[in-house]
Amino acid sequence: MDMFKENIKRADTSRIAFPVLIALGLSHCFNDLLQSVVSAVYPILKDDLALTFSEIGLITLVYQLASSVFQPVVGLVFDKHPLSWCLPFGMCFSTAGLVMLSQAGNFLMVLMAVAFVGIGSSVLHPEASRITSLASGGRRGLAQSLFQVGGNFGTSVGPLLVALIVAPHGMGNVAWFVVVSMLAFVAMVPICRWYSAYLTNLKTGAAAIRPRVPRPLPMGRTVFTIFIIMLLIFSKYIYMASLTNYYTFYLIHRFGVSVQMSQVLLFVFLVAMAIGTVVGGPVGDRYGRKTVIWVSILGCAPFSLLMPHVGLEATVLCSFGAGLMLSSAFPAILLYAQELLPNKLGMVSGVFFGFAFGVAGIASAILGSLADTYGIEAIYSFCAYTPLLGVVAFMLPSLKKR
């Protein structure tokens with residue numbers, strides 16, 4: 001405990017600060033658990049409010065856009081004007097949104113509620129990712145994986161809790177998730193103290209201020225490389241959107257499982273994402289980000305192509321394989337982008353989290369419309385081919401590991 005407090009107090013960036021990283025992982029876990037409640041209650045909202053798949057897609061679009069539009073702005077603002085207690089500020093929005101969602105009696109109120117939840121997410125992701133890099137002691141892949149796996153674990157637990165707390169008793173029980181918000185506020189306290197000490201040390205000159213790090217590539221090639229990364233995120237998050245938002249409906253429609261069982265099977269996919277995230281960062285540290293990006297996104301294709309043509313048990317296995325492969329890519333993609341622009345950690349994190357959320361939101365809206373027109377099974381036949389876009393990863397230059 002004394003060592004924990006000393007790590008918080010000194011804000012030493014020369015070595016890895018595991019207590020801070022653990023707190024960041026917990027904060028990400030609680031935050032993304034709350035975020036996952038939004039998509040987990042879709043089958044309940046669809047029945048309660050008689051929604052179409054297009055309206056489900058619009059809910060996701062509003063939520064993801066609220067998050068994606070603000071994330072680059074938050075990252076850029078806090079790059080220039082860092083604020084040590086910004087994380088609890090974002091959690092206030094998420095908490096308010098969940099309370100609103102628990103009482104939502106119409107479609108418009110649902111949209112307002114998910115917008116608040118999205119704004120809360122837009123504050124946490126770029127800032128927590130920046131602090132993760134500062135606390136990594138140079139082991140950025142490991143640190144980013146610890147941070148990301150917290151979010152993936154929270155995302156995987158959310159549907160299970162919805163199945164236990166909300167599905168049997170109604171939407172009003174979403175309010176119980178305020179307890180998770182309180183836990184998030186507690187987890188954020190040591191992070192804010194450490195970051196406050198870090199900022200104070202910078203102002204007083206007590207901490208070693210790192211010089212500006214030169215970009216590893218010329219500007220023209222940097223822009224082209226970022227474009228390739230955007231294509232990879234596009235391929236990843238279209239398929240991810242089909243699974244996180246419509247997988248439960250697919251299981252219910254095709255295999256006749258109950259709402260509660262569909263949430264359990266969604267949990268299997270989300271656990272695979274958590275495992276893949278743990279693996280992706282350290283493997284990228286050892287073998288290079290490009291290798292992880294290449295293998296993880298293209299490696300999803302066999303599972304995505306097979307899934308529309310198999311039975312329930314094989315579908316669950318395919319979803320596990322797809323989640324495992326896809327999730328290992330994002331820590332590597334984010335760190336690769338940060339290495340391209342090493343002096344803009346917050347802005348880069350905000351842009352890439354924001355773009356990922358934006359792609360997922362737009363894809364969800366389009367997929368919802370396709371599901372209404374052609375049926376829920378059609379979207380999996382269509383999305384199965386999107387991981388093949390991962391072939392463009394061969395155009396990424398190899399960067400010197402830091």
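How many helices and strands are there in the protein? Color the model by secondary structure and you'll find 16 helices and zero strands. Helices here are DSSP runs of H or I with at least four residues, strands are runs of E with at least two, and both are numbered from the N terminus.

Before you click further, a word on the model. This is a predicted model, in which local features need pLDDT of at least 70 and side-chain atom pairs count only at pLDDT 80 or more, while totals for chains, interfaces and linings use all residues. Residues are numbered from 1 along each chain as its sequence is written, and side-chain values use heavy atoms, with hydrogens and water left out.

**The whole chain**

Show the surface. Of the 402 residues, 59% count as buried; that word means under 20% relative accessible area, with exposed being over 50% and partly exposed in between (1.4 Å probe, protein chains only). Next, think about contacts, meaning heavy atoms within 4.5 Å. Among those between residues at least 6 apart in sequence, 86% join residues at least 24 apart.

**Stop 1: H2 against H8**

Select residues 18-40, which make up helix H2, and residues 178-204, which make up helix H8. H2 and H8 pack at an angle of about 150 degrees, and their axes are 8 Å apart. The axes are lines fitted to C-alpha atoms, for helices over the stretch in contact, and the angles run from 0 to 180 degrees between N-to-C directions. The two helices are therefore roughly antiparallel. On this scale, angles over 145 degrees count as roughly antiparallel, under 35 as roughly parallel, 65 to 115 as roughly perpendicular and the rest as oblique.

H2 passes H8 in a left-handed crossing, where the near helix is turned anticlockwise from the far one by less than a right angle (clockwise would be right-handed). Now show side chains. From H2, the residues that meet H8 include Val20, Leu24, Phe30 and Leu34. On the H8 side, look for Val180, Met188, Pro190 and Trp194, among others.

**Stop 2: rings**

Rings of Phe, Tyr and Trp (its six-membered ring) pair if their centres lie within 6.5 Å; planes under 30 degrees apart are stacked, over 60 edge-to-face and the rest tilted.

The structure holds nine aromatic pairs. For a tilted one, select Phe93 and Phe116: their planes stand at 40 degrees, with ring centres 5.9 Å apart. This pair links distant parts of the chain, as Phe93 is in helix H5 (residues 86-102) and Phe116, 23 residues away, is in helix H6 (residues 107-134). Phe93 counts as partly exposed at 23% relative accessibility, and Phe116 does too at 30%.

Then pick Phe53, Tyr246 and Phe249, which ring pairs link into a cluster.

**Stop 3**

Go back to H5 and click Thr95. Thr95 is buried, at 12% relative accessibility. What is Thr95 in contact with, leaving aside neighbours within four places in sequence? Look for Val178, Ser181 and Phe185.

For a contrast, move to Ala50, in the loop between helix H3 (42-49) and helix H4 (53-80). Ala50 is exposed, with a relative accessible area of 64%. Its phi is near 55 degrees, a positive value in a residue other than glycine.

**Stop 3: H13 and H14**

Finish with helix H13 (residues 312-327) and helix H14 (residues 329-340). They pack at about 15 degrees, with axes 5 Å apart, and are therefore roughly parallel. Met325, Leu326 and Ser327 of H13 make the contact with Ala329, Phe330 and Pro331 of H14.

Last, select Leu335 in H14. Leu335 is buried, with a relative accessible area of 0%. Draw a C-alpha to C-alpha line from Leu335 to Ser133: the two are 202 residues apart in sequence and 9.2 Å apart in space.
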